[in-house]
Amino acid sequence: MDVLRPTLIRIGGRVYRKNLIQEQAYQHEEEEDFCAGPGDCADEPCDAFVVEETEKGFQCRVEVPSPLYKYIIGKKGETKKRLETETRTSISIPKPGVEGEIVITGQHRSGVISARTRIDVLLDSFRKKQPFTHFLSIALNQPAIQERFLQFKEEVLEKCSKDHGVSSSLFQNPAKLHLTLGTLVLLNEQEIQKACDLLQRCKEDFVDQITGGKPLTMEVSGVEYMNDDPAMTDVLYAKVHMKDGSDRLQVIADQLVERFVASGLMLKEWDRVKLHATVMNTVFRKDPSAEERNNTMTGKSSFKERESFNGRNILKLFENFYFGEVQLDSVRLSQRFSSDASGYYATSGQLTF
């Protein structure tokens, strides 16, 4: 990390700087050092959360998904002990696997505020390291699109199978063709419900106004590649555009992501959503159920392990391949590594036009 450009972490509408620290690597990476000097808890901001006054002092409650408890406890309880000692507080954590609130209590308001702030930073850091569990998607698996996709696959294998790295294992499952708007880490039912509720608020706040309450007609046509060199392609995708030439789908996608980022349910990755439907991906070569993450932060190591393919001929021969027209009527909160009766991803919630 560049000392002059430290990582910035957004919590509760505020921006915190994560200072460079010396980390100890444990087998399960169960703790991370967040050190503080004397008096560091005196002037912490507290308007992002509620600190209650009690008969014995002060307390603050924080909802934390049970899978993240271990990061607050640390190896042999060391992280929790350090937090309690340095902030002069007591931190009560539910039993492993039991959903509930972490309660911070102390005689001094500043100490409780400091402990809460540090826990927020700690959790935010480790949440970013969790693999995503859900994603906002638009299904493109209508029968006509699937049929044209299978024709595309057949023709590519017929005309380009001798090109380096090209094989049938690279192609997307036609039942799972989709657009990814953004990825989420949802670690318990409460967070899933929060995401579902936000989808419905987005429908009421702006989606219905943009769509006029009607499905959007979109065309899937042409192919493009993700990286710089078509001879070393990892991801080939189909391009999408509104049939009426408008940017309504792009506006909906960008505003949805903006709202989910503001809620803390999604990390901001790009200024605009790149609307694309993956048709070939080298991660499918080893794992047909794999899904590329919509960024480079967690996926950078996997790219090194991929065997790229030469996509030059495919791009030349299928540059304008027409996959078909589709009526879009919903945005789904899809569950990663899952399937429903149709073969598409299991849906935890959805917004309908």
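A salt bridge here is a side-chain nitrogen of Lys or Arg within 4 Å of a carboxyl oxygen of Asp or Glu. By this rule the count comes to 12 salt bridges. The model is predicted: local features need pLDDT of at least 70, side-chain atom pairs count only at pLDDT 80 or more, and totals for chains, interfaces and linings use all residues. Residues are numbered from 1 along each chain as its sequence is written, and side-chain values use heavy atoms, with hydrogens and water left out.

**View 1. Arg-127 and Glu-191 form a salt bridge.** The closest N and O atoms are 2.5 Å apart. Arg-127 lies in helix H3 (residues 109-127) and Glu-191 in helix H5 (residues 189-211), so the pair ties together parts 64 residues apart in sequence. Helices (H or I, at least four residues) and strands (E, at least two) are DSSP runs, numbered from the N terminus. Glu-191 is buried, at 13% relative accessible area. Buried means under 20%, exposed over 50%, partly exposed in between (1.4 Å probe, protein chains only).

**View 2. Asp-205 pairs with Arg-259 in a salt bridge.** Their closest N and O atoms sit 3.0 Å apart. Asp-205 belongs to helix H5 and Arg-259 to helix H6 (residues 248-263), so the pair ties together parts 54 residues apart in sequence. Asp-205 is partly exposed at 43% relative accessibility. Arg-259 is partly exposed at 28%.

**View 3. Glu-325 forms a salt bridge with Lys-243.** The closest N and O atoms are 2.7 Å apart. Glu-325 is in strand S12 (residues 322-328); Lys-243 is in the loop between strand S10 (235-242) and H6. The pair links distant parts of the chain, 82 residues apart. Glu-325 is partly exposed, at 36% relative accessible area. Lys-243 is partly exposed, at 49%.
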